[in-house]
Amino acid sequence: MMLDFRKYAISSAFRRVKKVVAVCSGKGGVGKSFIATGLAWYLKDSLRTGLLDLDIYGFSTHRFLCYVPNLRYESIEEAVPVQIDGLVYFSPVLLIGDRPFPVRGSYREKTVLDILSFVEWPELDVLIIDMPPGTGDEVILPCRYLAEKISTIVVTLPDPISLDVASRLVMLLKEIGVQTLGAVLNMCDSSVNIEKVGDVIVVAKVPHIHCVVSSLAQGRNPYVACPEVREYLKPIVEYVRRLVTD
Amino acid sequence: MHEWSLAYSIVSALLDLLREGKVKKIRKVVIEVGKLVQIDLDIFRQALQEVAGLHNLQDVEFEIQEVETRFRCSRCGYVWTWRDVLNKLAEEIQDPELRKTCLESIHLVPAAVFAYARCPACGSPDYEVIEGFDVKIGKIVGEV
């Protein structure tokens, strides 16, 4: 008899978290991490907010936060996330620094479950998860183990190919019984006339923002350095804030 | 994975088995622990007994079997053990604080070994863990 005892560890690790919002994308390279990190960054102004980077191959949220972990001093022995300007944060970068993480097959599943199991989250109104791109285990597993708390936001580019993949992701999420709160069109002019992805409403259209690239190149947090980012993300931030506080 | 958290999870799973009527009584639970996970067996044993005792499972015998972790390279076929990894890490990461973080990372997320260790023979990152990867329940003895 195979006994799945991880679900109890995950349930315990998340017991103080009220809501989980997973930011997903079917394809990589659509700006999911930028949206997820920005969402968490602005939500922390009014809610107790956490950010978990579960993108084990492409973890990058620390770069947006301009956070450089010092593996020599930040012992993870206590299994507690770090605090960055009031944002409660965990990422694989705290485990392995900037090394590549060549986990394959079933080890990938175990890695996701282990990270969900061991990080002891404090009292949080909302935890944003930057999910790995894809429509496989990486999406299904967190949704299965956090079923009672999780809802999702789908990020996509506005081109037909990205929209096709995002629509398939929306269908999958519906099939596994997870609510999708809305879609975000990234790198998208306001003139683009797309109001739905699959049957999910587009809640924000975010254009290419030059300031983000230049501030990252200068080692500055783009959510602080670029006021327009706050404006563009405002619809989705307010949407999630209402969800959590209502 | 932390010893107490692990003990809590295992006992919770056993309680569900009893609650759901899948077993009537549990006499013995055999738990296999891969060396890679670096579980403190004394703390784990104590945690299991204490958590079980809190839920009227004090009569359950917990047998913990430590399993050697063995790796096999997918490129050259070389086989090595966790002890070899430890020796290599001691050579490569001389800063004791950094080494501590590395081992703690593998303790919490065993797959982190893939970030820190390479095949000792050919340097490939493409290898598998043949046995002793994590903690699992090997056997439950009881009445159905």
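User: How many residue pairs are in polar contact between chain B and chain A?
Analyst: The count is 8, with both residues at pLDDT 80 or more. A polar contact is a pair of N or O atoms within 3.5 Å; within protein, one must be able to donate a hydrogen and the other to accept it, and residues adjacent in sequence count only if both atoms are side-chain atoms. This is a predicted model: local features need pLDDT of at least 70, side-chain atom pairs count only at pLDDT 80 or more, and totals for chains, interfaces and linings use all residues. Residues are numbered from 1 along each chain as its sequence is written, chains are lettered from A in the order written, and side-chain values use heavy atoms, without hydrogens and water.

User: Which helix of chain B gives the most to the side that touches chain A?
Analyst: Helix 1 of chain B, with 10 residues. Helices here are DSSP runs (H or I, at least four residues), numbered from the N terminus.

User: How many salt bridges between chain B and chain A?
Analyst: 3. One of them joins the side chains of Asp134(B) and Arg6(A), at 3.8 Å, N to O. A salt bridge is a side-chain nitrogen of Lys or Arg within 4 Å of a carboxyl oxygen of Asp or Glu.

User: How many residues does each chain put into the contact?
Analyst: 41 from chain B and 30 from chain A. Contact means heavy atoms within 4.5 Å.

Methods. Helix = DSSP H or I, 4+ residues; strand = E, 2+ residues; numbered from the N terminus.
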